[in-house]
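Here are my notes for you to read with the model open beside them. Take the points in order and look up each residue as you go.

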Amino acid sequence: MDTPAAAPLRLIPTDADFETLAAALEGEFYRDSTTRTLYATDASAYREQPQAVAVPRSVDDLKKLIAFANQHQTSLIPRTAGTSLAGQVVGSGIVVDVSKQFTKILEFNADERWVRVQPGVVRDELNLFLKPYGLLFGPETSTANRAMIGGMVGNNSCGSNSVVYGSTREHLLDVKALLADGSEACFTPHPLKGAFLPGMLRIEKSPLQGVGGETHGALEQRIYQETHALLSPAETQVEIRRQFPKKSIERRNTGYALDELIDCEPFTPGGAAFNFCKLIAGSEGTLCFLTEIKLHLDPLPPEHSGLLCVHFHTIDESLRANVIAMRHRPSASELIDHYILECTKENIEQRKNRFFVQGDPGAILVIEFRRDTPEAVQAAAAAVETDLKAANLGYHFPLLTGEDTTKIWTLRKAGLGLLSNLPGDEKAVAVIEDTAVDIEDLPAYIREFNEILAKHGLNAVHYAHAGSGELHLRPIINLKTAEGNRQFRVIAEEIARLVKKYDGSLSGEHGDGRLRGEFIPWMVGETVYGLMQDVKRIWDPNGIFNPGKIVDTPPMNEFLRYTPGQQTPEFKTYFRYPDQTVLQHAEQCNGSGDCRKTQLSGGTMCPSFMATRDEKDTTRARANILREVLTRSEQPNRFDSEEVKAVMDLCLSCKGCKNECPSNVDMAKLKAEFLQQYHDVHGIPFRSWVTGHFTRLAGWARMVPGSYNFIFGNKPLRQLANRIIGYHPDRTMPLMAPKTFTRWWKDTSLGLERQVVRDVAVRRPALYLFADEFTNFLDVEIGKKAVFLLEKLGYDVMIPADNLDSGRAALSKGLLKDAKKVADANVRLLRGIITDQVPLVGIEPSAILTFRDEYPDLVSDDLVADAKKLAINALTFEEFIARELDAKRITKAAFTTEKRLIKLHGHCQQKAVSSLIPGKKALSLPENYEVQLIPSGCCGMAGSFGYEVEHYDVSMKIGELVLFPAVRQQAAEVIIAAPGTSCRHQIHDGTGRVAKHPVEILYEALV
Ligand SMILES: Cc1cc2nc3c(=O)[nH]c(=O)nc-3n(C[C@H](O)[C@H](O)[C@H](O)COP(=O)(O)OP(=O)(O)OC[C@H]3O[C@@H](n4cnc5c(N)ncnc54)[C@H](O)[C@@H]3O)c2cc1C
Ligand code: SF4
Ligand code: SF4
């Protein structure tokens, strides 16, 4: 056995040391305050500024980082998506983000059912790759669309299907890792029983190390040998078995999994082959740095599924029923409590998902069966129903299948949404949110749990994984107060004692991190905790890997994101933030990382991250920096911040986050607020002024449309003009119509053209068509077609005023003072004439939706009530048509019976503030028109964003993610529909195809 050499002196790294390191790395290295702030938090309650952030490009980079940490007093915090809930990736060392460069699927063997990946592969993306082969990697966290395999191994993650697939540990076959001395090691099932004998390892080859007879490094040998020595004594094994959570608890992430190791050979003769992977899963980056991970795969689950949604009068009944249900091999048994059911009654989105709820249940247990045939699903459900009735449990037993199951799962997930959306300083805090006990103990445990909370005047929502003995329970606490900080600790302590009483696991899935480490000695006793400290010392003698997690953690109520006595300063803002301040709105981001989804997961949020895969381009990054700056800046105007300006730069104001972020963080609104406040200090840049005053400038240009079009219709002149404004030279510019829409309207109203149409039209309901600035100056033909179409359909079309501006361009450039004037004027003009009988209908979604989205929070105080009324009656063209179709005032008879296929790309603001369903419905009016949604997010143009010289490349990259390839694939006869003027422009610039507004499509379909 090698004797460790005397530890060399480790010096505090100097600036020069960091610079030398940065220069030596192939990848990126940051020490600026913005980047360090971005990585100071994860999805937990913790916050600590790291010394630096590295985004390594190669294993060689990782080795250099390890050498640096060994030479200096610093540490490395491995990080992938950063969605940990217990502070696993928060620390003072160097955060090493492998989510950007270590993203390859390296090797796959369908026959042997395994895959080898780098740590930065997203779990859902791995399964998309595996699906065609009929395989999957089973464990599924709620964060599966962004959580990465490295993080899943680190936290030993699992999900609602854990009753079938267990946790990540059970699927971890081999890993390749860098050890604390920088050597590479492969951990794999070990065939030799005598593997721990000194010297044996020198001559062995690990399957992952290829051929050639490499010797194992000294540290690797020491790890084997010292672990052997540590765990061999019989009394040690007895103590581990006595102290660890009950074996029946499948979700267990308490400390290092020593109990799993001693179940292997040679400690348990006849046990599984020894494999350090069992220890590495759940070790939270504290033992080694993973570079390759080999996972076992399962066949895809049986095709047929059904959800038996049993209604109970109380939670207690449901938890007793859960025990019976689990005997029938369901694939999940999930709880929805009374509180969630109550809240969803008032929620427009969720109301439609409650269709199956009968009476006023105290709890519903959603029991999922997956079987090979529908009959087998029914039989399984019937058997549970019989058993529950015999036990006098449950009063209603609907079995739901097909599309209904999605609605039920959406309702089940509402719990998290409810908790994420609290507007003030009180937050649903992750502290005891994933304790797990034996399902037999769950009823009694939850009774006592609730008594503890009640004693502290707290309440919690109960939901999730009853089938695994783990309910998600988050008390609502204000961590900005001393009392909140105290409650945070006291609740953790008391629940830890309760979990121990039931021999449960303090963490079922989220891990210990720095949240629960302090209580591990309580959970496993001082002796076993001492063994865990030894494990850490053996693997990582200098403490360079993610120190302060699992063992030797700082007190759990220190280094929190919110600190006792911290004030939430008030700001004078341009927008209103109902029930909260602008800072509290930014604080609503809890770091869940949904904004790190990729284009493969679908959705819009967040296009900039999808294009760059940089943490700094997430909504989370923007919220993090804004929160920090508004909380800590010493500037007279705290919005006067170059840091915020930098992170906002790639925000497209697409509003994806407003809808898709579970906390509804509205970054477009925050960006506009920031920009106006920043302009107040620094003035308005020329390009922003030009873009924000589009309507005014277009009004001037229309006086000389010929000259305008001569310049922008001529490539060299356009390129010159673009350069002067700050637009990209390759970007084409929309041309001015010879006559504005309102001019045409006036002319035709007075003249014959429109009169003819009016005479033949059967006058029926009336509407005001919003002649927005884009329709008025650029898309005049669409405006005309809208008038003809609507009149043909029997509507009396009116135009409220000449040259109306929505304020959208001003909003997008943060010219809120101007936008407010526009909004006030519009509300004053329209409040008397727009009603539910005579709505305001808009052609350009981004323009009409300002009435619904921004105006109520922007207009002068005396206009708020009117703005809110107006918001309800301001409809997109598609919403209006769908509404009239439902009211049977429009029929299919007016349209062609020709067969056409339409591919619809929805506008981001439609998706965020309205929905694409009306568009689909409206375009399906012609009997044989089939409408399919393009699964695109943002097109990348986003108003003027895609024109801007420095944003052009990102804009086109976003277009290339889904939209452009989808459009290019379509045959010439397929109609591409895009309601947004920018989207149509982007589609044209990116693919050469002409996309049509739904107005045009329906107009052309008239018979
Ligand atoms: C809303 C919400 C719901 C959640 N639901 C679930 C759930 O259902 N089930 C569940 O299990 N978890 C859940 N989590 C927690 C979290 O999402 C999971 O643990 C997830 O697997 C973490 O993945 P990540 O990529 O974000 O990892 P990170 O947070 O980036 O890292 C996790 C750990 O892995 C370590 N690590 C990462 N890469 C490496 C590497 N290359 N080498 C060594 N160590 C490494 C890190 O140091 C860290 O300790 C939830 C979190 C949130 C916010
Ligand atoms: S912005 Fe929303 S989605 Fe992104 S991390 Fe914050 S809360 Fe989650
Ligand atoms: S508005 Fe769009 S680009 Fe900006 S943060 Fe939200 S999702 Fe991302």
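1. A word on burial before we start: buried means under 20% relative accessible area, exposed means over 50%, and partly exposed is in between, with a 1.4 Å probe and protein chains only. Keep in mind that this is a predicted model, where local features need pLDDT of at least 70, side-chain atom pairs count only at pLDDT 80 or more, and totals for chains, interfaces and linings use all residues. Residues are numbered from 1 along each chain as its sequence is written, chains are lettered from A and ligands numbered from 1 in the order in which they are written, and side-chain values use heavy atoms, with hydrogens and water left out.

2. Now for the rings in general. Rings of Phe, Tyr and Trp (its six-membered ring) pair if their centres lie within 6.5 Å; planes under 30 degrees apart count as stacked, over 60 as edge-to-face and the rest as tilted. The structure holds 29 such aromatic pairs.

3. One of them is Phe674 with Tyr678: the ring centres are 5.5 Å apart and the planes sit at 40°, so this pair is tilted. The two residues are 4 apart in helix H25 (residues 667-682), which means about one helical turn separates them. (Helices, H or I with at least four residues, and strands, E with at least two, are DSSP runs numbered from the N terminus.) Phe674 and Tyr678 are both buried.

4. Back to Phe770 and Phe851, which make an edge-to-face pair, with 5.2 Å centre to centre and 90° between the planes. This pair links distant parts of the chain: Phe770 belongs to strand E19 (residues 766-770), Phe851 to helix H36 (residues 845-853), and they are 81 residues apart.

5. Next, have a look at helix H29 (residues 715-725), where Arg718, Gln719, Ala721, Asn722 and Ile725 are buried. Where do they lie around the axis? They cover an arc of only 165° (taken from the directions from the helix axis to the C-beta atoms), so they are on the same side of H29. On the other side of H29, Pro716, Leu720, Arg723 and Ile724 are exposed. Just after H29 comes Gly726, with a positive phi of about 105°.

6. Last one: Pro521, in helix H19 (residues 520-539). Its relative accessibility is 14%, so Pro521 counts as buried. Between Pro521 and Ala701 there are 180 residues in sequence and 75 Å in space, C-alpha to C-alpha.
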